[in-house]
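Please open the model in your viewer and keep the selection panel at hand. The tour below goes from ring pairs to the core and then to a pocket.

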Amino acid sequence: MTTIATKIALSVLGAAGISLLSWTPARAVIFVEPIVTTVNKDIFKMREPRTLGPNILPGQRIEYGVPDRANNLINGTGNNIGSFVFDLKTLFYTNADSNPSFDNEPVEWGDVDGDGKIGFSSIPGLEDIFTNVTVKGNLITYSGGVIPDGETFYNFFSTKPDLTPGGGIIPAIPADQEDKDGPIRVGASYTAIPESTNVLGVLVFGALGVAFKLKRSLHC
């Protein structure tokens with residue numbers, strides 16, 4: 001009986017030893033968090049805002065790298081922006097000499113600023129434009145707000161650990177290089193909502209049409 005118990009114990013220990021030897025540490029996850037807020041006046045002091053031009057249409061997907069050179073943006077699309085959708089892509093970057101080292105680490109949306117929420121600002125003086133932020137897999141959607149055509153707003157992406165070019169892990173980008181984007185790819189698109197005056201016009205003309213039809217029916 002003792003021999004059988006001993007054999008079982010040794011088998012269990014042997015299996016555990018094999019599993020421990022074959023176990024490899026889980027890869028680190030890089031957290032990414034965007035914010036969409038009112039104008040960042042501190043950034044205004046350093047550089048002029050960039051413009052989202054009329055060539056960017058509702059639903060059109062634009063891809064760029066983050067963390068980027070954060071800037072205020074002018075909504076010059078000709079549309080009132082009613083929501084943003086950001087699609088997060090896997091990081092394709094390897095730097096064995098960095099601390100910590102990186103080798104195409106997985107990325108996901110996360111709470112980088114430590115406020116217990118994803119996608120909302122914790123920067124004093126910046127007010128969130130959208131009230132709803134939903135995360136579903138690699139998609140994060142902002143809704144419940146509006147950025148009127150011609151208005152300036154602030155869009156910033158932060159990461160944990162900091163992957164801003166020149167931040168210690170990612171090498172600095174040469175000053176003469178126009179593209180200041182980081183290594184994480186994000187696909188962005190927006191939806192447009194009609195201007196309030198247009199909506200009012202539609203409602204007014206619709207009401208007049210109903211009244212006209214009703215008047216005609218009463219005289220028949």
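**Aromatic pairs, core and pocket**

In this predicted model, the count of aromatic pairs comes to eight. Select F86 and Y142 to begin: their rings form an edge-to-face pair, 6.0 Å centre to centre with 80 degrees between the planes, and the pair links distant parts of the chain, since F86 belongs to strand 5 and Y142 to strand 10, 56 residues apart. Both F86 and Y142 are buried.

Because F86 sits in strand 5 and F157 in strand 11, the pair ties together parts that are 71 residues apart in sequence. F157 has 1% relative accessibility and therefore counts as buried. Now extend the selection to Y64, F84, F130 and F153, which ring pairs link with F86, Y142 and F157 into a cluster.

Next, show the largest nonpolar core, which has 33 residues, and in which V36, F84, F86 and I184 touch the most other members. Among the elements that each supply at least two residues of this core are strand 1 (30-37), strand 8 (107-109) and strand 12. Centre on I184, whose contacts beyond four places in sequence include I30, V32, Y64, L88, V107 and L163.

Finally, turn to the largest pocket, with about 480 Å³ of space. Of its 20 lining residues, L52, I56, I62, Y64 and L73 are the closest to its centre, while the lining as a whole divides into eleven nonpolar, six polar and three charged residues.

Technical notes. Residues numbered from 1 in each chain as written. Predicted model: local features only at pLDDT ≥ 70, side-chain atom pairs only at ≥ 80, totals over all residues. Heavy atoms only, no water. 1 Å grid on protein atoms, 1.4 Å probe; cavity = no way out; pocket = protein on both sides within 12 Å on 5 of 7 lines; lining within 4 Å. Points joined across faces, edges and corners; volume = space filled by probe spheres on them. Nonpolar A, V, L, I, M, F, W, Y, C, P; charged D, E, K, R; others polar. Core = buried A, V, L, I, M, F, W, Y, C linked by side-chain atoms within 4.5 Å. Buried < 20%, exposed > 50% of the residue type's maximum accessible area, 1.4 Å probe, protein only. Helix = DSSP H or I, 4+ residues; strand = E, 2+ residues; numbered from the N terminus. Contact = heavy atoms within 4.5 Å. Phe/Tyr/Trp six-rings, centres within 6.5 Å; stacked < 30°, edge-to-face > 60°.
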